[in-house]
Amino acid sequence: MVSLVHSAGLTGIDGRIVTVECFFSGGLPRLDIVGLPDKAVSEAGERVRAAVKSAGFDWPVSRLTVNLAPADMRKEGPVYDLPILLAVLAASGQIDPLPENAVFLGELSLTGALRPVAGALAMAMAARAAGCRTVYLPAENAAEAAYAQGITVHPVASVGQLLAHLTHGAPLPEAGPPPAPDEPAEPLDFAHVLGQENVKRALEIAAAGGHNVLLSGPPGSGKSMLAKRFPSILPPLSEDERLEVIRIWSAVGRGAEAARMAGRPIRAPHHTTAPQALAGGSGPGGRLPLPGDMSLAHNGVLFLDEFPEFRRDTLETLRQPLEDHVVSISRVAGRVTYPARFQLIAAMNPCKCGWYGTPRCTCRPEAVQKYLSRLSGPLLDRIDLQVAVRPVSYEALAARGTQAEEPSARIRERVRAARARQAARFAGSGVRCNADIPAARMADFCPLDPAAQAMLAAAFDRLGLTARAYDRLLRVARTVADLDGADVISAAHLAEALSYRAVDRALPG
Ligand SMILES: [Zn+2]
(Lines give C-alpha, C1' and ligand atoms only; values in the text may rest on other atoms or scores of the structure.)
Protein backbone atom coordinates (compact mmCIF):
# COMPACT_ATOMS: atom_id res chain seq x y z
CA MET A 1 0.00 0.00 0.00
CA VAL A 2 1.20 3.51 -0.78
CA SER A 3 0.44 6.42 1.52
CA LEU A 4 0.77 10.12 0.89
CA VAL A 5 1.20 12.92 3.45
CA HIS A 6 1.57 16.63 2.73
CA SER A 7 4.31 18.53 4.44
CA ALA A 8 6.43 21.59 3.73
CA GLY A 9 10.07 22.52 3.61
CA LEU A 10 12.20 25.61 3.57
CA THR A 11 14.51 26.99 0.89
CA GLY A 12 16.23 30.05 2.29
CA ILE A 13 13.30 31.91 3.86
CA ASP A 14 10.66 30.58 1.44
CA GLY A 15 8.36 27.70 2.22
CA ARG A 16 7.40 25.05 -0.32
CA ILE A 17 5.01 22.12 -0.23
CA VAL A 18 6.68 18.71 0.01
CA THR A 19 4.80 15.46 -0.35
CA VAL A 20 5.93 12.41 1.60
CA GLU A 21 5.10 9.02 0.04
CA CYS A 22 5.72 5.72 1.74
CA PHE A 23 5.47 2.26 0.17
CA PHE A 24 6.37 -1.30 1.11
CA SER A 25 8.64 -3.38 -1.02
CA GLY A 26 10.08 -6.85 -0.70
CA GLY A 27 13.35 -7.47 1.05
CA LEU A 28 14.91 -7.28 4.46
CA PRO A 29 13.34 -4.81 6.92
CA ARG A 30 14.87 -1.38 6.52
CA LEU A 31 13.92 2.24 5.83
CA ASP A 32 15.19 4.14 2.81
CA ILE A 33 14.58 7.87 2.43
CA VAL A 34 15.01 9.26 -1.09
CA GLY A 35 14.48 12.67 -2.72
CA LEU A 36 17.59 14.79 -1.95
CA PRO A 37 17.58 14.40 1.83
CA ASP A 38 20.37 15.95 3.91
CA LYS A 39 21.92 14.18 6.89
CA ALA A 40 19.28 15.33 9.38
CA VAL A 41 16.52 13.94 7.13
CA SER A 42 18.36 10.66 6.61
CA GLU A 43 18.59 10.24 10.37
CA ALA A 44 14.82 10.63 10.74
CA GLY A 45 14.45 6.84 10.71
CA GLU A 46 15.79 6.38 14.23
CA ARG A 47 13.64 9.12 15.72
CA VAL A 48 10.51 8.00 13.86
CA ARG A 49 10.96 4.35 14.87
CA ALA A 50 11.30 5.26 18.55
CA ALA A 51 8.33 7.65 18.40
CA VAL A 52 6.09 5.04 16.73
CA LYS A 53 6.76 2.60 19.55
CA SER A 54 6.35 5.19 22.30
CA ALA A 55 2.91 6.06 20.86
CA GLY A 56 1.88 2.40 21.17
CA PHE A 57 1.99 1.49 17.48
CA ASP A 58 4.01 -1.19 15.69
CA TRP A 59 6.97 -0.64 13.43
CA PRO A 60 6.24 -2.67 10.27
CA VAL A 61 8.56 -5.63 9.68
CA SER A 62 9.20 -4.95 6.03
CA ARG A 63 11.27 -2.87 3.66
CA LEU A 64 9.95 0.72 3.56
CA THR A 65 10.81 3.40 1.03
CA VAL A 66 9.98 7.02 1.76
CA ASN A 67 10.06 9.42 -1.17
CA LEU A 68 10.16 13.18 -0.66
CA ALA A 69 8.89 15.18 -3.64
CA PRO A 70 9.59 17.41 -5.55
CA ALA A 71 12.87 15.68 -6.33
CA ASP A 72 14.69 18.86 -7.38
CA MET A 73 14.43 20.49 -3.94
CA ARG A 74 16.98 19.81 -1.21
CA LYS A 75 15.25 18.52 1.91
CA GLU A 76 16.93 19.96 4.97
CA GLY A 77 16.53 19.51 8.70
CA PRO A 78 14.33 17.34 10.89
CA VAL A 79 11.01 18.94 9.85
CA TYR A 80 9.96 15.77 7.95
CA ASP A 81 10.03 13.49 11.02
CA LEU A 82 6.32 13.85 11.70
CA PRO A 83 5.06 13.39 8.10
CA ILE A 84 7.35 10.39 7.65
CA LEU A 85 5.91 8.81 10.79
CA LEU A 86 2.35 9.41 9.60
CA ALA A 87 3.18 8.05 6.14
CA VAL A 88 4.61 4.84 7.65
CA LEU A 89 1.55 4.30 9.88
CA ALA A 90 -0.84 4.98 6.99
CA ALA A 91 1.05 2.71 4.57
CA SER A 92 0.91 -0.11 7.10
CA GLY A 93 -2.83 0.42 7.60
CA GLN A 94 -2.55 1.35 11.27
CA ILE A 95 -4.23 4.71 10.68
CA ASP A 96 -6.62 5.97 8.00
CA PRO A 97 -5.27 7.88 4.99
CA LEU A 98 -4.37 11.43 5.96
CA PRO A 99 -6.59 14.36 4.89
CA GLU A 100 -5.64 15.82 1.50
CA ASN A 101 -5.85 19.45 2.54
CA ALA A 102 -3.72 19.23 5.69
CA VAL A 103 -0.01 19.82 6.13
CA PHE A 104 2.07 18.20 8.86
CA LEU A 105 5.48 19.31 10.07
CA GLY A 106 7.66 18.79 13.10
CA GLU A 107 10.77 17.21 14.54
CA LEU A 108 10.29 14.24 16.84
CA SER A 109 12.08 13.40 20.06
CA LEU A 110 12.61 9.71 20.85
CA THR A 111 9.71 9.92 23.32
CA GLY A 112 7.30 11.21 20.66
CA ALA A 113 7.26 14.85 21.76
CA LEU A 114 7.22 17.43 18.94
CA ARG A 115 10.13 19.83 18.80
CA PRO A 116 9.94 23.25 17.12
CA VAL A 117 11.29 23.64 13.59
CA ALA A 118 12.86 26.57 11.76
CA GLY A 119 10.77 28.35 9.13
CA ALA A 120 7.30 27.39 10.42
CA LEU A 121 5.72 30.68 9.33
CA ALA A 122 7.02 30.44 5.74
CA MET A 123 5.84 26.81 5.57
CA ALA A 124 2.38 27.69 6.90
CA MET A 125 2.16 30.47 4.28
CA ALA A 126 3.16 28.00 1.56
CA ALA A 127 0.45 25.62 2.77
CA ARG A 128 -2.15 28.36 2.61
CA ALA A 129 -0.99 29.39 -0.87
CA ALA A 130 -1.32 25.76 -2.01
CA GLY A 131 -4.95 25.75 -0.90
CA CYS A 132 -4.53 23.69 2.27
CA ARG A 133 -6.95 24.33 5.09
CA THR A 134 -5.05 23.05 8.13
CA VAL A 135 -1.49 22.86 9.37
CA TYR A 136 -0.39 20.67 12.26
CA LEU A 137 2.88 21.75 13.82
CA PRO A 138 4.87 21.78 17.07
CA ALA A 139 3.21 23.83 19.81
CA GLU A 140 6.19 26.17 20.14
CA ASN A 141 5.79 27.21 16.47
CA ALA A 142 2.12 28.16 16.85
CA ALA A 143 2.62 31.85 17.73
CA GLU A 144 4.61 32.64 14.58
CA ALA A 145 2.50 30.39 12.31
CA ALA A 146 -0.63 32.23 13.45
CA TYR A 147 0.64 35.16 11.36
CA ALA A 148 0.02 33.12 8.20
CA GLN A 149 -3.74 33.85 8.68
CA GLY A 150 -6.43 32.20 6.57
CA ILE A 151 -5.32 28.71 7.55
CA THR A 152 -6.19 26.74 10.70
CA VAL A 153 -3.11 26.11 12.83
CA HIS A 154 -3.15 23.20 15.29
CA PRO A 155 -0.35 23.25 17.86
CA VAL A 156 0.61 19.66 18.68
CA ALA A 157 2.55 18.62 21.79
CA SER A 158 3.17 14.96 20.99
CA VAL A 159 2.61 12.22 18.44
CA GLY A 160 0.21 10.53 20.87
CA GLN A 161 -1.97 13.63 21.03
CA LEU A 162 -2.06 13.97 17.24
CA LEU A 163 -2.85 10.29 16.64
CA ALA A 164 -5.68 10.41 19.21
CA HIS A 165 -7.10 13.33 17.24
CA LEU A 166 -6.68 11.69 13.82
CA THR A 167 -7.98 8.24 14.81
CA HIS A 168 -10.63 8.97 17.50
CA GLY A 169 -11.39 12.62 16.81
CA ALA A 170 -10.03 13.72 20.17
CA PRO A 171 -10.17 17.52 20.26
CA LEU A 172 -7.01 19.40 19.38
CA PRO A 173 -6.49 23.06 20.31
CA GLU A 174 -6.41 25.73 17.60
CA ALA A 175 -3.88 28.55 17.59
CA GLY A 176 -5.48 31.90 18.38
CA PRO A 177 -4.92 35.14 16.48
CA PRO A 178 -1.35 36.45 16.20
CA PRO A 179 -0.07 37.39 19.65
CA ALA A 180 0.15 41.04 20.66
CA PRO A 181 3.75 42.23 20.89
CA ASP A 182 5.27 42.36 24.36
CA GLU A 183 5.67 45.63 26.21
CA PRO A 184 9.37 46.43 26.37
CA ALA A 185 10.69 45.30 29.77
CA GLU A 186 12.68 48.45 30.36
CA PRO A 187 11.71 51.03 27.78
CA LEU A 188 14.67 52.78 26.20
CA ASP A 189 13.43 56.34 25.91
CA PHE A 190 15.04 59.63 24.97
CA ALA A 191 13.38 61.10 28.07
CA HIS A 192 16.21 59.49 30.04
CA VAL A 193 19.00 61.10 28.01
CA LEU A 194 20.40 64.34 29.39
CA GLY A 195 21.14 67.10 26.90
CA GLN A 196 22.71 65.93 23.62
CA GLU A 197 20.19 68.05 21.74
CA ASN A 198 22.17 68.04 18.50
CA VAL A 199 22.40 64.24 18.42
CA LYS A 200 18.75 63.74 19.30
CA ARG A 201 17.83 66.13 16.50
CA ALA A 202 20.04 64.27 14.02
CA LEU A 203 18.47 60.95 15.02
CA GLU A 204 15.02 62.48 14.61
CA ILE A 205 15.96 63.49 11.05
CA ALA A 206 17.38 60.01 10.43
CA ALA A 207 14.17 58.38 11.66
CA ALA A 208 12.00 60.74 9.64
CA GLY A 209 13.84 60.31 6.33
CA GLY A 210 15.20 56.76 6.68
CA HIS A 211 18.78 58.03 6.65
CA ASN A 212 21.84 56.14 7.83
CA VAL A 213 23.87 57.83 10.56
CA LEU A 214 27.49 57.92 11.69
CA LEU A 215 28.07 59.11 15.26
CA SER A 216 31.59 60.26 16.05
CA GLY A 217 32.72 61.11 19.58
CA PRO A 218 35.05 60.23 22.44
CA PRO A 219 34.52 57.21 24.71
CA GLY A 220 31.80 57.76 27.29
CA SER A 221 30.01 60.46 25.31
CA GLY A 222 26.92 58.25 25.08
CA LYS A 223 27.00 57.11 21.44
CA SER A 224 25.68 53.61 22.08
CA MET A 225 23.18 54.82 24.68
CA LEU A 226 21.78 57.20 22.06
CA ALA A 227 21.85 54.62 19.26
CA LYS A 228 19.99 52.02 21.33
CA ARG A 229 17.14 54.48 21.83
CA PHE A 230 16.81 55.10 18.10
CA PRO A 231 14.14 52.40 17.53
CA SER A 232 11.93 54.16 20.11
CA ILE A 233 11.34 57.07 17.71
CA LEU A 234 10.69 54.94 14.62
CA PRO A 235 7.09 54.36 13.55
CA PRO A 236 5.71 50.97 14.67
CA LEU A 237 6.03 48.02 12.28
CA SER A 238 3.21 47.74 9.76
CA GLU A 239 1.49 44.36 9.47
CA ASP A 240 3.43 43.52 6.32
CA GLU A 241 6.73 44.59 7.85
CA ARG A 242 6.13 42.47 10.94
CA LEU A 243 5.36 39.46 8.77
CA GLU A 244 8.64 39.94 6.87
CA VAL A 245 10.58 40.20 10.13
CA ILE A 246 9.05 37.05 11.60
CA ARG A 247 9.63 35.10 8.38
CA ILE A 248 13.35 35.91 8.45
CA TRP A 249 13.76 35.23 12.18
CA SER A 250 11.73 32.06 11.79
CA ALA A 251 14.23 30.71 9.25
CA VAL A 252 16.93 30.79 11.93
CA GLY A 253 14.61 29.17 14.51
CA ARG A 254 13.72 32.41 16.33
CA GLY A 255 10.20 32.95 14.96
CA ALA A 256 8.46 32.75 18.33
CA GLU A 257 10.76 35.46 19.69
CA ALA A 258 10.10 37.68 16.67
CA ALA A 259 6.33 37.14 16.89
CA ARG A 260 6.36 38.80 20.33
CA MET A 261 9.05 41.37 19.65
CA ALA A 262 8.26 44.84 20.98
CA GLY A 263 9.09 47.48 18.39
CA ARG A 264 11.50 47.12 15.52
CA PRO A 265 14.43 44.72 15.57
CA ILE A 266 17.85 46.10 16.45
CA ARG A 267 21.02 44.10 15.87
CA ALA A 268 24.36 45.15 17.33
CA PRO A 269 27.09 42.72 16.27
CA HIS A 270 30.57 43.14 17.79
CA HIS A 271 33.37 44.57 15.64
CA THR A 272 35.13 41.20 15.56
CA THR A 273 32.13 39.67 13.73
CA ALA A 274 32.91 37.70 10.56
CA PRO A 275 31.42 38.56 7.16
CA GLN A 276 29.30 35.38 7.22
CA ALA A 277 27.70 36.40 10.52
CA LEU A 278 26.78 39.82 9.19
CA ALA A 279 25.71 38.85 5.66
CA GLY A 280 24.51 35.29 6.28
CA GLY A 281 26.50 32.10 6.16
CA SER A 282 26.35 28.40 5.65
CA GLY A 283 23.91 26.47 7.74
CA PRO A 284 24.97 23.24 9.45
CA GLY A 285 25.94 20.35 7.20
CA GLY A 286 26.49 22.32 3.99
CA ARG A 287 22.95 23.62 3.87
CA LEU A 288 21.88 26.82 2.17
CA PRO A 289 23.21 29.93 3.91
CA LEU A 290 20.99 31.24 6.70
CA PRO A 291 20.14 34.93 7.14
CA GLY A 292 22.77 36.98 9.00
CA ASP A 293 22.55 40.09 11.14
CA MET A 294 21.85 42.39 8.20
CA SER A 295 18.70 40.40 7.40
CA LEU A 296 17.73 39.97 11.04
CA ALA A 297 17.87 43.79 11.18
CA HIS A 298 15.45 44.00 8.20
CA ASN A 299 12.82 46.72 8.84
CA GLY A 300 14.84 47.72 11.88
CA VAL A 301 18.22 48.99 12.91
CA LEU A 302 21.76 47.71 12.48
CA PHE A 303 24.03 49.29 15.08
CA LEU A 304 27.77 48.97 14.46
CA ASP A 305 29.82 50.36 17.33
CA GLU A 306 33.59 50.92 16.83
CA PHE A 307 32.84 51.15 13.11
CA PRO A 308 36.44 51.51 11.81
CA GLU A 309 37.51 48.48 13.90
CA PHE A 310 35.37 46.10 11.83
CA ARG A 311 37.23 43.83 9.44
CA ARG A 312 37.44 45.32 5.99
CA ASP A 313 35.80 42.26 4.39
CA THR A 314 32.98 42.50 6.92
CA LEU A 315 32.37 46.16 6.10
CA GLU A 316 32.45 45.34 2.39
CA THR A 317 29.38 43.14 2.81
CA LEU A 318 27.41 46.25 3.82
CA ARG A 319 27.67 47.87 0.43
CA GLN A 320 25.07 45.88 -1.50
CA PRO A 321 22.37 46.03 1.20
CA LEU A 322 22.90 49.76 1.70
CA GLU A 323 22.38 50.22 -2.05
CA ASP A 324 19.76 47.58 -2.94
CA HIS A 325 18.23 46.62 0.45
CA VAL A 326 18.92 42.94 -0.18
CA VAL A 327 21.90 40.67 0.44
CA SER A 328 22.89 37.93 -2.00
CA ILE A 329 25.02 35.04 -0.79
CA SER A 330 26.63 32.41 -2.96
CA ARG A 331 27.89 29.18 -1.47
CA VAL A 332 28.52 25.68 -2.75
CA ALA A 333 25.02 24.75 -1.60
CA GLY A 334 23.49 27.44 -3.79
CA ARG A 335 22.71 31.13 -4.06
CA VAL A 336 20.11 32.94 -1.98
CA THR A 337 18.93 36.52 -1.73
CA TYR A 338 17.52 37.79 1.55
CA PRO A 339 15.81 41.09 2.38
CA ALA A 340 18.10 43.51 4.24
CA ARG A 341 16.41 46.89 4.47
CA PHE A 342 17.77 48.32 7.70
CA GLN A 343 18.84 51.69 8.97
CA LEU A 344 22.51 51.77 9.79
CA ILE A 345 23.67 53.55 12.92
CA ALA A 346 27.45 53.45 13.00
CA ALA A 347 29.50 54.84 15.87
CA MET A 348 33.19 55.58 16.10
CA ASN A 349 35.85 57.33 18.11
CA PRO A 350 37.27 60.31 16.23
CA CYS A 351 40.76 58.76 16.40
CA LYS A 352 42.51 55.64 17.69
CA CYS A 353 42.86 56.92 21.28
CA GLY A 354 39.39 58.41 21.16
CA TRP A 355 40.21 61.97 22.23
CA TYR A 356 40.98 63.76 18.97
CA GLY A 357 40.20 67.45 19.26
CA THR A 358 40.99 67.55 22.99
CA PRO A 359 44.32 67.93 24.83
CA ARG A 360 44.07 64.28 25.90
CA CYS A 361 44.62 62.98 22.34
CA THR A 362 47.96 61.21 21.95
CA CYS A 363 47.65 60.45 18.22
CA ARG A 364 49.93 61.95 15.59
CA PRO A 365 48.05 63.73 12.79
CA GLU A 366 49.03 61.04 10.24
CA ALA A 367 47.66 58.38 12.57
CA VAL A 368 44.34 60.21 12.79
CA GLN A 369 44.09 60.40 9.01
CA LYS A 370 45.01 56.73 8.67
CA TYR A 371 42.33 55.77 11.19
CA LEU A 372 39.66 57.75 9.35
CA SER A 373 40.72 56.42 5.96
CA ARG A 374 39.66 52.92 7.03
CA LEU A 375 36.15 54.07 6.18
CA SER A 376 35.92 53.56 2.46
CA GLY A 377 34.37 56.28 0.34
CA PRO A 378 31.60 54.10 -1.14
CA LEU A 379 30.48 53.20 2.36
CA LEU A 380 30.43 56.80 3.57
CA ASP A 381 28.47 57.68 0.44
CA ARG A 382 25.52 55.70 1.81
CA ILE A 383 25.56 57.46 5.20
CA ASP A 384 23.66 60.72 4.89
CA LEU A 385 24.22 62.08 8.41
CA GLN A 386 27.54 62.43 10.21
CA VAL A 387 27.17 63.72 13.73
CA ALA A 388 29.73 64.80 16.32
CA VAL A 389 28.79 63.55 19.80
CA ARG A 390 30.30 65.41 22.75
CA PRO A 391 30.33 64.41 26.40
CA VAL A 392 27.24 65.73 28.14
CA SER A 393 27.61 69.45 28.83
CA TYR A 394 27.88 71.05 32.26
CA GLU A 395 24.67 72.96 31.57
CA ALA A 396 22.73 69.74 30.96
CA LEU A 397 24.11 68.17 34.14
CA ALA A 398 23.37 71.27 36.18
CA ALA A 399 19.83 71.42 34.84
CA ARG A 400 19.24 67.76 35.75
CA GLY A 401 15.86 67.36 37.40
CA THR A 402 14.81 70.93 36.69
CA GLN A 403 13.83 70.47 33.08
CA ALA A 404 12.18 67.46 31.55
CA GLU A 405 13.77 65.88 28.47
CA GLU A 406 11.42 65.25 25.57
CA PRO A 407 10.04 61.68 25.58
CA SER A 408 10.47 59.44 22.54
CA ALA A 409 6.71 59.35 21.92
CA ARG A 410 6.63 63.08 21.12
CA ILE A 411 9.59 62.81 18.75
CA ARG A 412 7.93 59.80 17.11
CA GLU A 413 4.83 61.90 16.38
CA ARG A 414 6.91 64.37 14.37
CA VAL A 415 8.63 61.47 12.62
CA ARG A 416 5.27 60.02 11.72
CA ALA A 417 4.04 63.32 10.28
CA ALA A 418 7.20 63.68 8.18
CA ARG A 419 6.81 60.11 6.93
CA ALA A 420 3.20 60.84 5.97
CA ARG A 421 4.37 63.81 3.87
CA GLN A 422 6.88 61.54 2.13
CA ALA A 423 4.29 58.82 1.50
CA ALA A 424 2.03 61.38 -0.20
CA ARG A 425 4.87 62.84 -2.27
CA PHE A 426 6.31 59.50 -3.36
CA ALA A 427 2.98 57.75 -4.06
CA GLY A 428 3.40 55.55 -7.14
CA SER A 429 7.09 56.48 -7.62
CA GLY A 430 8.62 53.39 -6.00
CA VAL A 431 10.54 55.62 -3.57
CA ARG A 432 9.83 54.86 0.10
CA CYS A 433 11.59 57.64 1.94
CA ASN A 434 13.91 60.60 1.36
CA ALA A 435 17.03 58.47 1.84
CA ASP A 436 15.95 56.46 -1.23
CA ILE A 437 15.51 59.39 -3.64
CA PRO A 438 17.52 58.41 -6.72
CA ALA A 439 19.99 60.94 -8.10
CA ALA A 440 17.91 61.28 -11.28
CA ARG A 441 14.80 62.41 -9.35
CA MET A 442 16.59 64.89 -7.08
CA ALA A 443 15.33 67.93 -9.01
CA ASP A 444 11.67 66.75 -8.88
CA PHE A 445 11.58 65.94 -5.20
CA CYS A 446 13.98 68.51 -3.73
CA PRO A 447 12.96 71.98 -4.97
CA LEU A 448 14.98 74.81 -3.39
CA ASP A 449 13.96 78.44 -2.90
CA PRO A 450 16.31 81.10 -4.41
CA ALA A 451 18.21 81.73 -1.15
CA ALA A 452 18.80 78.00 -0.70
CA GLN A 453 19.98 77.72 -4.32
CA ALA A 454 22.53 80.48 -3.75
CA MET A 455 23.71 78.87 -0.53
CA LEU A 456 24.07 75.48 -2.21
CA ALA A 457 26.11 76.93 -5.09
CA ALA A 458 28.45 78.64 -2.63
CA ALA A 459 28.79 75.52 -0.48
CA PHE A 460 29.51 73.38 -3.52
CA ASP A 461 32.49 75.55 -4.46
CA ARG A 462 33.72 76.21 -0.94
CA LEU A 463 33.54 72.59 0.30
CA GLY A 464 34.49 70.88 -2.94
CA LEU A 465 31.48 68.56 -2.65
CA THR A 466 31.37 65.39 -4.74
CA ALA A 467 28.19 64.59 -6.65
CA ARG A 468 27.40 61.93 -4.06
CA ALA A 469 27.93 64.31 -1.15
CA TYR A 470 25.74 66.86 -2.92
CA ASP A 471 22.89 64.31 -3.21
CA ARG A 472 23.26 63.29 0.44
CA LEU A 473 23.00 66.91 1.45
CA LEU A 474 19.82 67.44 -0.56
CA ARG A 475 18.17 64.29 0.83
CA VAL A 476 18.82 65.44 4.39
CA ALA A 477 17.63 68.98 3.61
CA ARG A 478 14.46 67.42 2.15
CA THR A 479 13.81 65.64 5.46
CA VAL A 480 14.52 68.77 7.51
CA ALA A 481 11.95 70.58 5.36
CA ASP A 482 9.45 67.74 5.83
CA LEU A 483 9.85 67.93 9.61
CA ASP A 484 9.14 71.65 9.22
CA GLY A 485 6.04 70.95 7.12
CA ALA A 486 7.53 72.75 4.10
CA ASP A 487 7.26 71.74 0.43
CA VAL A 488 10.22 73.84 -0.70
CA ILE A 489 13.67 73.61 0.88
CA SER A 490 14.77 76.92 2.42
CA ALA A 491 18.24 78.23 3.28
CA ALA A 492 17.64 77.36 6.95
CA HIS A 493 16.83 73.73 6.06
CA LEU A 494 19.92 73.49 3.90
CA ALA A 495 22.13 75.09 6.56
CA GLU A 496 21.06 72.47 9.06
CA ALA A 497 21.77 69.67 6.58
CA LEU A 498 25.24 71.16 6.02
CA SER A 499 26.00 70.81 9.73
CA TYR A 500 25.88 67.00 9.56
CA ARG A 501 29.24 66.47 7.88
CA ALA A 502 31.44 65.90 10.95
CA VAL A 503 33.54 63.11 9.45
CA ASP A 504 33.81 64.53 5.93
CA ARG A 505 35.28 67.66 7.49
CA ALA A 506 37.95 65.63 9.31
CA LEU A 507 38.80 63.38 6.36
CA PRO A 508 42.01 63.89 4.43
CA GLY A 509 41.53 66.06 1.34
ZN1 LIG B 1 43.78 60.40 19.52
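Reader: What makes Leu-86, Phe-307 and Leu-318 stand out in the largest nonpolar core?

Author: In this predicted model, the core holds 105 residues, and these three touch the most other members. Among the elements, helix H3 (residues 81-91) gives the most, with 9 residues.

Reader: Why is this core said to lie between domain 1 and domain 2?

Author: Domain 1 (2-168) and domain 2 (190-431) both give residues to the core, so it lies between them.

Reader: Which residues does Leu-86 contact, leaving aside neighbours within four places in sequence?

Author: Val-5, Ile-95, Leu-98, Phe-104, Leu-162, Leu-163 and Leu-166. Contact requires heavy atoms within 4.5 Å. A second core of 51 residues is separate; Leu-385, Val-476, Leu-494 and Tyr-500 are among its members.

Reader: How do you know which atoms are donors to the zinc ion?

Author: A donor must be an N, O or S atom within 2.8 Å of the metal. The SG atoms of Cys-351, Cys-353, Cys-361 and Cys-363 sit at 2.2 to 2.4 Å. They therefore count as donors. Their spacing along the chain is C-x1-C-x7-C-x1-C.

Reader: What do Cys-351 and Cys-363 tie together?

Author: Both lie in the loop between strand E17 (343-348) and helix H15 (365-372), so the pair ties together parts 12 residues apart in sequence.

Reader: Why is the arrangement around the zinc ion called tetrahedral?

Author: Four donors qualify if all angles lie between 85 and 135 degrees. Here the 4 donor atoms subtend 106 to 114°, so the arrangement is tetrahedral.

Reader: Is Cys-351 buried or exposed?

Author: Buried means under 20% relative accessible area. Cys-351 has 0% relative accessibility, so it counts as buried.

Notes:
Residues are numbered from 1 along each chain as its sequence is written. This is a predicted model: local features need pLDDT of at least 70, side-chain atom pairs count only at pLDDT 80 or more; totals for chains, interfaces and linings use all residues. Side-chain values use heavy atoms; hydrogens and water are left out. A nonpolar core is a set of buried Ala, Val, Leu, Ile, Met, Phe, Trp, Tyr and Cys residues joined through side-chain atoms within 4.5 Å. Buried means under 20% relative accessible area, exposed over 50%, partly exposed in between (1.4 Å probe, protein chains only). Helices (H or I, at least four residues) and strands (E, at least two) are DSSP runs, numbered from the N terminus. Domain bounds come from an automatic or database domain assignment. Donors are N, O and S atoms within 2.8 Å of the metal (3.2 Å for Na, K and Ca); water is not among the atoms, so sites may look incomplete. Four donors count as tetrahedral if all angles lie between 85 and 135 degrees; four count as square planar and six as octahedral if opposite donors are over 155 degrees apart and all others between 65 and 115; anything else is irregular.
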